Amino acid sequence: MRKPIIIGNWKMNMGLKDGLIFLKELEQVTTNKEVGIACQAPLLERMKANAHNVLIGAQNVHEETKGAYTGEISVELLKELNVDFAIIGHSERRTYYNENDEKINLKAKQLQANNIMPVICVGETLEQFESGKTLEVINKQVEVACKDLDIEKCVIAYEPVWAIGTGKTATTEIAQNICSAIREKLSKLYNSEQANKVRIQYGGSVNESNIKDLLDSPDIDGALVGGASLKIADFIKLIEA
Ligand code: PGA
């Protein structure tokens, strides 16, 4: 059985004070799902020190362990802070910072070498979606980004770029079909037993009215949530859905 995992991606929002208040409330929720928060890097240490049930993660990591990369975050530091996971390959990083699947794969390997769970994001743009290229794009992303990993310990997040922050969610049917296709691809890259253990999240305008159907789908094992993870009441509704 795959344990559902809901991760709030705060992006470049939420300060230290508000973040700690949010976390305190979130810690009170009893749930059979795994719950995580990806916060801005300077918050990681304090968030981690105050988290007992909630997983705390970074929103990015550099693919090298250390060196002259001004402004970047090393996996060694994340390990020292006992960070639980890191989101890699988010579409905002792919779009604004030219991240590609080769780099994402290196990041995943660095994370796994340090026992930090990679949350690997994939997803097609609106143009690719409209021209019927979704499967081709996703298969390629998965093939490169998920190569030679301890795949069962990774989480994959399918996030159609056109659904992120737009209020347009993929229909449950589309989301399920693509998540199922991702699992099929993983079973070719690895084997079906391993692929069946991988948790695949959906992300893109997840909210309290669509989460239930998404989570009821056989191949969707959780959600990566942006906007609806910024208010504690909204986020709790998603966890309790
Ligand atoms: P959204 O963001 O829920 O605001 O669409 C999702 C994400 O970027 O992970």
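**A tour of helix contacts and salt bridges**

Helices α7 and α8 are oblique to each other. This is a predicted model, so keep that in mind at each stop.

**Stop 1: the α7 and α8 pair**

Select residues 134-145 for helix α7 and residues 172-189 for helix α8. Their axes come within 10 Å and cross at roughly 40 degrees. The crossing of α7 past α8 is right-handed.

Now show side chains. On α7, pick Thr 134, Leu 135, Ile 138, Asn 139, Val 142 and Glu 143. On α8, pick Ile 178, Ala 181, Ile 182, Lys 185, Leu 186 and Leu 189. These residues make the contact. Colour them by class: 8 are nonpolar, 2 polar and 2 charged.

**Stop 2: Gln 110**

Move to helix α5, residues 101-113, and select Gln 110. Is Gln 110 buried or exposed? Its relative accessibility is 16%, so Gln 110 counts as buried; the cut-off for buried is under 20%. Next, select what Gln 110 touches: Glu 63, Glu 64, Thr 65 and Val 75. That list leaves out residues up to four places away in sequence.

**Stop 3: the salt bridges**

How many salt bridges are there? The count comes to 17. Visit a few of them.

Start with Lys 11 and Glu 92. Their side chains meet in a salt bridge, 2.8 Å from N to O. The pair links distant parts of the chain, with the two residues 81 apart. Lys 11 sits in the loop between β1 (5-9) and α1 (16-27), while Glu 92 belongs to helix α4, residues 91-96. Glu 92 has a relative accessible area of 24%, so this residue is partly exposed.

Next, select Arg 94 and Asp 101. They form a salt bridge whose closest N and O atoms are 3.0 Å apart. Both Arg 94 and Asp 101 are buried.

Then go to Glu 99 and Lys 107. Here the side chains meet in a salt bridge at 2.9 Å, N to O. Glu 99 and Lys 107 are both buried.

Methods. Residues numbered from 1 in each chain as written. Predicted model: local features only at pLDDT ≥ 70, side-chain atom pairs only at ≥ 80, totals over all residues. Heavy atoms only, no water. Axes fitted to C-alpha atoms, helices over the stretch in contact; angles between N-to-C directions. Helix = DSSP H or I, 4+ residues; strand = E, 2+ residues; numbered from the N terminus. Parallel < 35°, antiparallel > 145°, perpendicular 65-115°, else oblique. Left-handed = near helix turned anticlockwise from the far one by under 90°. Contact = heavy atoms within 4.5 Å. Nonpolar A, V, L, I, M, F, W, Y, C, P; charged D, E, K, R; others polar. Buried < 20%, exposed > 50% of the residue type's maximum accessible area, 1.4 Å probe, protein only. Salt bridge = Lys/Arg side-chain N within 4 Å of Asp/Glu carboxyl O.
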